[in-house]
Every structure is written in C-alpha cells, then in structure tokens.
Amino acid sequence: MDKYEAVDRLRELAEEMYEAMDEMKQILSEVAPGELERARSYWMAHIDGALENREGWLGGSMISFEDTVNAVEEMDEELCEDCGERLKEDEDGGLYCDCE
Ligand SMILES: [Zn+2]
C-alpha cells in the first residue's frame, strides 16, 4: 500500500466511524433524547474532535486524525537505489528496503 492508498483508506475508515456515530445518534434520539443531548456534548464531541472536527468543537485533540492524515500525505517517498521499490520506515524512523 502506498501513502496515497493509505490516506484514501484512512479517510474511508473515518467516514465509517462517523456513520456508526450517526446510527448511535438515531438510536438515542428514538429511545433517550435526553441522553443523546448529553452524549453530543461529551463523548460524541470528543470523538468528532479527535477525527475531523466537523462540528467545530473547541478544544479538539492535540493530535487529531486530520493531523495524522496530513502527516502521511506530506511524507517523502524515497525509493531504493538497488531495486526501485519504495523504502519502508522502521519504528525509529529509519528507512529500509526488503531487498537488502
Ligand atoms: Zn530495494
């Protein structure tokens, strides 16, 4: 998977999280509207704030999903001089290739 595929898939998965949250809102609005209001002010706002902050929640997250995706998008892609494949990153940020 290259970084563009990764970003696309990460955004799809975030969308699924928003869709799951929409269903939670529907369920709560049906059975417990008061609980929905409390949830929207707290844990739902935290989840949204940590993802894409669609509702403009103040405070947000120190590092949000958006920050992570932007960092992936801005990553330099370096190619192996021996085989031309994209280099992978290890846990310490060092680059390596499987052909080595
Ligand atoms: Zn290589």
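These notebook entries record what I looked up in a predicted model of one protein chain.

**Entry 1. Overall layout**

I began with the secondary structure and found 4 helices and 2 strands in the protein chain. Read from the N terminus, the order of elements is α-α-α-α-β-β. I then looked up the radius of gyration, which is 19 Å, well over the 13 Å that the globule rule gives for 100 residues, so the chain is more spread out than a compact globule. The C-alpha trace spans about 60 × 25 × 20 Å along its principal axes.

I also checked burial across the chain. Of its 100 residues, 3% count as buried. For contacts between residues at least 6 apart in sequence, I noted that 27% join residues at least 24 apart.

**Entry 2. Helices H1 and H4**

I next examined the pair formed by helix H1, residues 3–31, and helix H4, residues 65–74. Their axes come within 9 Å and cross at roughly 165 degrees. An angle over 145 degrees counts as roughly antiparallel, and H1 and H4 are therefore roughly antiparallel to each other. The crossing of H1 past H4 is left-handed.

I listed the residues that make this contact. H1 contributes Lys3, Ala6, Val7, Leu10, Arg11 and Ala14, while H4 contributes Phe65, Val69, Val72 and Glu73. Sorted by class, the contact holds 7 nonpolar and 3 charged residues, with no polar ones.

**Entry 3. Helices H2 and H3**

I turned to helix H2 and helix H3, the latter covering residues 43–50. The two pack at an angle of about 35 degrees, and their axes are 3 Å apart. On the H2 side I recorded Ala39, Arg40 and Ser41, which meet Trp43, Met44 and Ala45 of H3. By class, I noted 4 nonpolar, 1 polar and 1 charged residues in this contact.

**Entry 4. Leucine 28**

I selected leucine 28, which is found in helix H1. Leucine 28 has 18 other C-beta atoms within 10 Å and is partly exposed; the count for a buried residue would have to be 20 or more. Leaving aside residues up to four places away in sequence, I found that leucine 28 touches Glu35, Leu36 and Ala39.

Leucine 28 and glycine 94 are 66 residues apart along the chain, and their C-alpha atoms are separated by 47 Å.

**Entry 5. Glutamate 35**

I followed the contact from leucine 28 to Glu35. Glutamate 35 belongs to helix H2, residues 33–41. I found 11 other C-beta atoms within 10 Å of glutamate 35, so this residue is exposed, given that 12 or fewer is the limit for that class. Between glutamate 35 and lysine 25, which are 10 residues apart in sequence, the C-alpha to C-alpha distance is 9.7 Å.

**Entry 6. Asparagine 53**

Finally, I looked at a backbone angle in a loop. Asparagine 53 lies in the loop between H3 and H4. The phi angle of asparagine 53 is near 50 degrees, a positive value in a residue other than glycine. I recorded 17 C-beta neighbours inside 10 Å for asparagine 53, which therefore counts as partly exposed.

Terms used
Residues are numbered from 1 along each chain as its sequence is written. This is a predicted model: local features need pLDDT of at least 70, side-chain atom pairs count only at pLDDT 80 or more; totals for chains, interfaces and linings use all residues. Axes are lines fitted to C-alpha atoms, for helices over the stretch in contact, and angles run from 0 to 180 degrees between N-to-C directions. Angles under 35 degrees count as roughly parallel, over 145 as roughly antiparallel, 65 to 115 as roughly perpendicular and the rest as oblique. A crossing is left-handed if the near helix is turned anticlockwise from the far one by less than a right angle, and right-handed if clockwise. Two residues are in contact if their C-beta atoms, placed from the backbone, lie within 7 Å. Ala, Val, Leu, Ile, Met, Phe, Trp, Tyr, Cys and Pro count as nonpolar, Asp, Glu, Lys and Arg as charged, and the others, Gly among them, as polar. The radius of gyration is taken over C-alpha atoms; the globule rule is 2.2 Å times the number of residues to the power 0.38.
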